[in-house]
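Colleague: Let's go through this model term by term. I will ask what each label rests on.

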Amino acid sequence: MRTLEHFIGGRRTPAGSTRRSPVFDPAIGQIQAEVLLAEGADVDTAVAAAAEAFDSWSQSSLSARTKVLFSFRELVNAHQGALADLICSEHGKVRLDALGEVQRGLEVIEFACGIPQLLKGEYSDQVSTGVDVFSYRQPLGVVAGITPFNFPVMVPMWMYPIAIACGNTFILKPSERDPSPSLLVAELWQQAGLPDGVFNVLQGDAPAVEALCRHDGVAAVSFVGSTPIARRVHEWATAAGKRVQALGGAKNHAVVLPDAAPEFAGAHVSAAAFGSAGERCMAISAAVVVGNSGDDFVAALTERAAKIRVGPGRDEASDMGPVITEAARTRIVGYVERAAESGARVALDGRDLAIAGHEDGFFVGPTILDEVTPDMEVYRDEIFGPVLSVLRAADVDEATALINANPYGNGTAIFTGSGEAARRFHRGVKVGMIGVNVPIPVPMAYYSFGGWKDSLFGERRIHGSEGVGFYTRQKVITERWPRPAGTSHAPYHFPTAE
Ligand code: NAD
């Protein structure tokens, strides 16, 4: 059995870890490797390596850092296929989807290649007679990134290219479900010329996360995962005096107005609900149909979703792969069963799907639940699987109120031909990322990503200019260079500009 180790201080190492966790191939339901799980002492080892590297990396010139970033960009670009294969193998998503995630991560590296422009300070000449003021940003130190299983390449890339470009050193704690892509990334950084210890991979689960959040040597924590863990990470890290951004789960609604083109809305809602088996934090998991066109929309949607080809991610004919674990499959099917018992109509049923030749794979077919009401468990909870709930609303304001009453606020979309309705919707809805006729409105790397309410704890969103702000501290210098022979007025009252 292969063992997946840590990558600390420039080399793969077992450190002192003895605990292990299985890594499955979800398409066949078999264990393919074991990943080590860090203990407290391993966290100390990783923090010590990153702290040592910080001394010189934080002092390296912008030119030197940019050079490494550009080389890393080229290497990731050249290894897109290899990264996608690892994602397919451990996560299970289809290869084109995996390539898409690598591409979106690459865009953050490209953004970070422009770090000299992004780190420019401010300068004010002569704010008082003979006095100038300027500001610049400095890195924080060792920063930790803790990431979920569903985007094993893209989500870590939301964090470390910017953190490292800003002069920090980084400890990535990837999901224990799909740890291999991060090890390849560590090797690519090394080939790009990044000094040892600047980028480290610490494999692990809950104890490693808690130890990182409480460690005196860690200056900041970026977390992406489910809401209960995001809330906990935020509490641990803030109690330890750290900067923290903790992105949580989601319940993303698509509002379909009567003037939306039915084919267009049906196709896009289906793709957004069932792409990646619904295991996306921006997946649409609730469709809110406005007015009397609900039955027609559900019929068009169901016809579309029934044609989705479910199969192993590495098979080019597949549109949708398995879910991550057998436990996830059981949990998702349980939600559908209880929803049916509580009155939802199962318009499309993926519970008993079996894939020939892959009978032990963790497959659930696309499932559509109609006549869902806001009090149902299937609507209230994040399912994180290929299950779409359909609800009805009288008008766009009622749909907006429904979304605003939901504790999550990650993403949402409206399908309409009316600019007036779309504007009312995006101004009124309490959600961080909104699409107008765009079902998965993931912001580009040069904007920032993050939701509202229980989808984000901490005030800084991820990547874009907020990422640069998160990974740096600003200094403001007030400076005077008196003439050697000059006299200076030194008042005892509080200094004001003259
Ligand atoms: P998760 O919360 O179970 O795990 C996330 C990370 O936390 C992993 O590294 C895991 O090892 C660690 N972890 C798990 N349990 C822990 C515990 N008890 N204490 C400390 N650490 C723990 O999430 P997941 O199942 O890997 O990923 C799916 C979730 O992530 C969904 O809720 C999804 O919406 C969310 N997500 C959110 C975004 C976003 O941008 N808001 C993006 C991707 C995924």
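Colleague: How many cavities of 30 Å³ or more does the rule count?

Modeller: The count comes to 3 cavities of 30 Å³ or more. This is a predicted model, where local features need pLDDT of at least 70 and side-chain atom pairs count only at pLDDT 80 or more, while totals for chains, interfaces and linings use all residues. Residues are numbered from 1 along each chain as its sequence is written, and side-chain values use heavy atoms, with hydrogens and water left out.

Colleague: What makes a set of points a cavity, and what makes it a pocket?

Modeller: The search runs on a 1 Å grid over the protein atoms alone. In a cavity a 1.4 Å probe fits but cannot get out. A pocket is an open set with protein on both sides within 12 Å along at least five of seven lines. Lining residues have an atom within 4 Å of a point. The largest cavity has a volume of about 100 Å³, and the largest pocket has about 850 Å³. Of the 39 residues that line this pocket, Pro148, Phe149, Gly225, Ser226 and Ile229 are the closest to its centre.

Colleague: Why is the largest pocket said to lie between domain 1 and domain 2?

Modeller: Domain 1 (2-248 + 455-477) and domain 2 (252-436) both give residues to its lining, so the largest pocket lies between them. The bounds come from an automatic or database domain assignment. Helix 9 (227-239) is among the elements that supply at least two lining residues. Its share is the largest, 5 residues.

Colleague: How far apart are the C-alpha centres of the two domains?

Modeller: They lie 31 Å apart. The contact (heavy atoms within 4.5 Å) takes 23 residues from domain 1 and 25 residues from domain 2.

Colleague: How do you know that the span of helix 12 agrees with its 16 residues?

Modeller: A helix is a DSSP run of H or I, at least four residues, and a strand is a run of E, at least two. The expected span is 1.5 Å times one less than the number of residues. Helix 12 (residues 326-341) should therefore span 22 Å, and its end C-alpha atoms are 23 Å apart, which agrees.

Colleague: Which residues of helix 12 are buried?

Modeller: Ala328, Ile332, Val333, Gly334, Tyr335, Val336 and Ala339 are buried, with under 20% relative accessible area for a 1.4 Å probe, protein chains only. The buried residues pack against strand 16 (367-370), helix 13 (377-380) and strand 17 (387-393).

How values were computed
Buried means under 20% relative accessible area, exposed over 50%, partly exposed in between (1.4 Å probe, protein chains only). Grid points are joined across faces, edges and corners, and a volume is the space filled by probe spheres set on the points.
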